[in-house]
Amino acid sequence: MKRAPLLGLCAYNGGGGRIRTHGRVNVNSFQDCRLQPLGHASTFRMSFASFRNDACMRFVRGLLSYTNALCRIPYNGGMTDEDYMTMALAEARRAASLGEVPIGAVVVYEPIDRGTRKSLAAPRVIARACNLRESTKDPAGHAEFLAMKQAARELDAWRLTDCTVYVTLEPCIMCAGLMHQARVSRCVYGAPDSKAGALGTLYSVHADSRLNHTFAVTSGVLAEECAGELKRFFAERRGKK
Ligand SMILES: [Zn+2]
């Protein structure tokens, strides 16, 4: 069978803006595959340039199991809520490595035409942050709060319209409040927070029609993994005491 040696070249932005090649997979055919329009290596490279390590390796592993895996990946620029949550989880792990409660967040920007509701550009990650409350001694040092501030600097605007905030734990009142203030279009979170959750658990800030902005919420994305990071962190901390 003829091989298409370049299909499956996968790269990610390893920080510092440099794109590093992470894996190259030979496949025999990509007919009937939803990735076909991306079947050119350079397009591929572009599409996956903003992946972090975890998401990229997950993708390479998917490629290795060949066509079935390729067909699973939706053709929308290649990224799903789960993929972005995986990036947020990588941030949560970074928090744990700093001795912080493991919560991570990323902000994805996708400009939408107000009239047609059609996408004007491919979604891109414009901010990522982890919880830094202890190291910065900042009561506002929550992951999604810092990520939103970063996103505002990136867009040079306080309005985060057309932004989706991905965060591993349900936002608190403060962070849900900032989402309201920043006019985000959507929040996707992993684990619910029974003690402080303000997007559905204790409060529903996103859906309060008395406020002048409401926004969509998707909950429970990779909830077990997100909660698992927290459980492991607190179990280890208890073990140390
Ligand atoms: Zn918060």
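Arginine 183 lies in the loop between H7 and E6, where helices (H or I, at least four residues) and strands (E, at least two) are DSSP runs numbered from the N terminus. The model is a predicted one, in which local features need pLDDT of at least 70 and side-chain atom pairs count only at pLDDT 80 or more, whereas totals for chains, interfaces and linings use all residues. Residues are numbered from 1 along each chain as its sequence is written. Although arginine 183 is not a glycine, its phi is positive, at about 60°. Arginine 183 counts as partly exposed, with 16 C-beta neighbours inside 10 Å; a residue is buried if 20 or more other C-beta atoms lie within 10 Å of its own, exposed if 12 or fewer, and partly exposed in between, with C-beta atoms placed from the backbone.

Most residues other than glycine have a negative phi.

E5, H7 and E6 make a right-handed β-α-β unit; a crossover is right-handed if, with the strands pointing away from the viewer, the path from the first strand over the helix to the second runs clockwise. E5 and E6 run parallel and are joined by 5 bridges, two strands being paired if DSSP finds at least two bridges between them. Leucine 169 has alanine 191 in E6 as its bridge partner, and tyrosine 166 stands opposite valine 188 in E6. Tyrosine 166 in E5 is also the bridge partner of valine 106, within the antiparallel pairing of E3 and E5, which comprises 5 bridges. E5 is mostly covered, with 7 of its 7 residues buried. E6 is largely enclosed by the rest of the structure, because 5 of its 6 residues are buried.

The largest nonpolar core contains 50 residues, of which Ala88, Val106, Ala147, Val165, Tyr166, Val167 and Cys187 touch the most other members. At least two residues of this core come from each of helix H4 (81-97), strand E3 (104-109), strand E4 (124-130), helix H6 (143-155), strand E5 (163-169), helix H7 (173-182) and strand E6 (186-191). H4 gives the most, with 8 residues. Such a core is a set of buried Ala, Val, Leu, Ile, Met, Phe, Trp, Tyr and Cys residues joined through C-beta atoms within 7 Å. In soluble globular proteins, nonpolar side chains tend to be buried together. Cysteine 187 is in contact with Val165, Val167, Pro171, Met179, Leu199, His206, Phe215 and Val217, leaving aside its neighbours within four places in sequence; contact requires C-beta atoms, placed from the backbone, to lie within 7 Å.

H6 has 13 residues and reaches 18 Å from its first C-alpha to its last. This span is close to the 18 Å expected at 1.5 Å a residue, the expected value being 1.5 Å times one less than the number of residues. The buried residues of H6 are Ala143, Glu144, Phe145, Leu146, Ala147, Met148 and Ala151, and their cover includes H4, E3, E4, E5 and H7.

Over the whole chain, the secondary structure comes to 8 helices and 7 strands. Buried residues make up 36% of the 241 residues. Of the contacts with a separation of 6 or more, 60% are accounted for by residues 24 or more positions apart. The mean pLDDT, the predictor's confidence in each residue from 0 to 100, is 78 for the chain, and 68% of the residues reach 70 or more. Residues 1-52 stay under 50 in pLDDT, and the model has 86 contacts beyond four places in sequence for them. Residues 64-76 also stay under 50, with 21 such contacts in the model.

Conventions
Two residues are in contact if their C-beta atoms, placed from the backbone, lie within 7 Å.
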